[in-house]
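Hi everyone, thanks for making time today. I'd like to walk you through a structure, so please take a look at it before I start talking.

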Amino acid sequence: MNKTNTVLEVSGLQVRYDAFTAVKDVSFSVQTGEIFGLLGPNGAGKTSSLAAIEGLIKPADGIVHIDGVDALTHTAEAKMQLGVQLQKTSFQPELTIYEIIRLYAGLYGVELTRQQIDERLQTIGLEGQGKKRFGQFSGGQQQRVSLLVATIHNPKLVLLDEPTTGLDPQSRRQLWETVETIRQEGRSVVLTTHSMEEAQAVCDRIAIVDHGEVIATDTPEGLIKRYKDDPAVRKQAHGAVTLEDVFIGLTGNTIR
Amino acid sequence: MVSTSKIFSSLLRADLTVQRRNIKAVLLSAALPVLLLVVWRSFIGDLGKEHALAMLLTVGLMGVGIASYATTVAADRERGVFQRLRATPATGLAIMGSRILVQLAVILIISAIVCVCGYGIDKIHLSALGYVLLVPGVLLGGAVALGLGQALVGLVDSAETVNTGGRNLLFALVIVGVVGGMGILGNTVKQIARWTPFGSVQSVLEGAMQPEHWGADEWIMLALTVVYAIACISVGIKYFRWSKA
């Protein structure tokens with residue numbers, strides 16, 4: 001059990017796919033109750049970093065500690081503290097929502113009655129819809145179900161990979177509220193996003209990742225304050241410097 | 001920590017539910033051998049009842065392993081189902097083990113259907129020991145069929161290609177095994193057919209049905225079947241990727 005407030009510690013993380021190094025050196029830590037954002041252009045190494053933390057790929061090097069547990073040597077124990085929403089979440093299309101929730105609860109040793117599942121579905125506005133299949137829901141509803149499944153075992157840390165991609169503004173706002181609720185429950189969240197608006201609205205701190213490395217970490221306001229006089233950032237600004245100006249100034253405006 | 005048995009039972013319950021919902025696939029896998037039982041009714045006696053039943057059981061086994069199992073695994077991989085499961089404390093072994101166990105149950109059910117239909121349609125009946133020995137024989141044959149399916153999804157990334165390739169492979173095995181095995185395509189093809197995975201499984205099943213005739217030839221075929229099972233499963237595990245590249 002972790003005695004400090006650090007719920008996630010990533011240090012010197014390296015991920016390689018054969019000869020290609022997707023993550024060269026990623027280090028950051030996340031505190032209890034913190035919402036931490038990983039921001040970066042396409043192919044920057046955000047999803048690969050998350051996949052290594054989630055135990056989906058074996059990093060070439062580095063340290064990942066989740067609530068004080070070494071996630072690379074005690075994978076199952078670390079995963080118990082982890083709630084995951086993947087970029088492309090899919091559940092078995094033949095299963096109903098009831099069955100999906102029961103399956104994932106069971107994998108974490110949580111036993112839920114039909115009534116308890118109904119109560120949980122009510123919290124995400126899907127009461128009475130447990131007999132539906134995942135594919136029958138809209139994108140926003142699917143994200144809410146995915147998030148419910150990700151937090152079914154009350155994990156200390158929730159990892160969300162681009163959770164609002166493809167959602168309408170209403171669904172996006174609703175998801176932000178859910179993320180805030182997760183934080184209020186005393187849990188921490190790491191999310192990846194392309195949206196500066198989202199990063200600014202939701203995240204306490206942000207790490208900007210580019211070419212497989214963390215190039216800056218701070219609060220959104222802190223990043224703006226730190227880089228507002230940087231010539232590359234100033235060049236992007238039309239008036240007051242925004243987080244997007246900082247992001248493009250640091251990562252360049254080449255389309256990847 | 002959650003016990004491995006709890007994790008496995010959760011996976012197994014879900015996989016059984018998925019299989020129950022896909023009952024049509026099970027029935028379709030049993031349909032071809034049953035149809036052949038009906039069509040071949042007039043010359044089953046010439047083929048030899050045990051030989052015919054073993055051949056049709058092998059058709060059913062290969063259908064489950066190559067067409068049904070491989071297609072489902074490839075589609076689920078493409079959808080991201082496996083990656084989502086792997087993000088939980090469930091190990092890869094538990095995830096695949098549960099699926100394979102369900103498929104072996106399906107193989108036993110299909111084999112039972114074929115045996116019952118064989119008796120009902122063509123009065124093919126075995127000794128009590130023959131039926132008992134058929135169970136491990138079918139499970140070994142199932143291991144070869146599922147191994148072939150696993151090797152296919154290991155070597156081929158795209159679900160669509162697995163689907164098409166699986167059908168072609170199944171068609172080729174059935175044609176060489178059934179038609180070639182009968183000698184219709186000549187003696188050379190008949191000899192080749194005997195040494196294919198289809199032919200070896202069929203020989204083992206036929207031998208299991210008639211334990212009193214089990215001899216050196218059956219031992220060789222049993223050894224070959226075990227080698228096929230190990231080789232296919234090894235290739236399937238070595239090259240399998242949990243997500244589409």
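**A walk through chains A and B**

The areas come from the Shrake-Rupley method with a 1.4 Å probe, and for residues only the protein chains shown count as cover.

A word on what you're looking at: this is a predicted model, in which local features need pLDDT of at least 70 and side-chain atom pairs count only at pLDDT 80 or more, while totals for chains, interfaces and linings use all residues. Residues are numbered from 1 along each chain as its sequence is written, chains are lettered from A and ligands numbered from 1 in the order in which they are written, and side-chain values use heavy atoms, with hydrogens and water left out.

B:Leu32 sits in helix α2 of chain B, residues 23-39. Helices (H or I, at least four residues) and strands (E, at least two) are DSSP runs, numbered from the N terminus. B:Leu32 counts as partly exposed because its relative accessibility is 39%; buried means under 20% relative accessible area, exposed over 50%, and partly exposed in between, with a 1.4 Å probe and protein chains only.

Now chain B as a whole. How many helices and strands does chain B have? There are 11 helices and zero strands. Its radius of gyration is 18 Å, which agrees with the value near 18 Å for a compact globule of 245 residues; that radius is taken over C-alpha atoms, and the globule rule is 2.2 Å times the number of residues to the power 0.38. Along the principal axes, the C-alpha atoms of chain B fill a box of roughly 55 × 35 × 35 Å. Of the 245 residues in chain B, 50% count as buried. Chain B exposes about 10900 Å², and carbon and sulfur atoms supply 69% of that. Among contacts in chain B with a separation of 6 or more, 81% come from residues 24 or more positions apart, a contact being heavy atoms within 4.5 Å.

Next, where the two chains meet. Here 30 residues of chain A are in contact with 27 residues of chain B. About 2600 Å² is buried between chain A and chain B, with carbon and sulfur atoms giving 60% of it. A:Leu56, A:Glu94 and A:Leu107 supply 24% of the area that chain A buries against chain B, more than any other three residues. Buried area is the accessible area (1.4 Å probe) that two parts lose on being put together, summed over both.

Two salt bridges are counted between chain A and chain B, where a salt bridge is a side-chain nitrogen of Lys or Arg within 4 Å of a carboxyl oxygen of Asp or Glu. A:Glu111 pairs with B:Lys6, the closest N and O atoms being 3.7 Å apart.

Over all chains, the search finds 14 salt bridges. In chain B, keep an eye on B:Asp76, which forms a salt bridge with B:Arg79 at 2.5 Å between the closest N and O atoms. Both of these residues lie in helix α4 (residues 49-79), three residues apart, about one turn of the helix. B:Asp76 also meets B:Arg99 in a salt bridge, 2.6 Å from N to O. B:Arg99 lies in helix α6 (residues 92-122) and B:Asp76 in helix α4, so this pair ties together parts that are 23 residues apart in sequence.

Over in chain A, A:Arg183 and A:Asp204 form a salt bridge of 2.6 Å, N to O. A:Arg183 is in helix α6 (residues 169-184) and A:Asp204 in the loop between α7 (196-202) and β9 (205-210), so the pair ties together parts 21 residues apart in sequence. A:Leu175 has its place in helix α6 of chain A too, and at 3% relative accessibility A:Leu175 counts as buried. Leaving out residues up to four places away in sequence, A:Leu175 touches A:Gln143, A:Leu147, A:Pro163, A:Thr164 and A:Leu167.

One last stop: the backbone. A:Asn154 has a positive phi of about 50° although it is not a glycine, and A:Asn154 lies in the loop between α5 (139-150) and β7 (157-161) of chain A.
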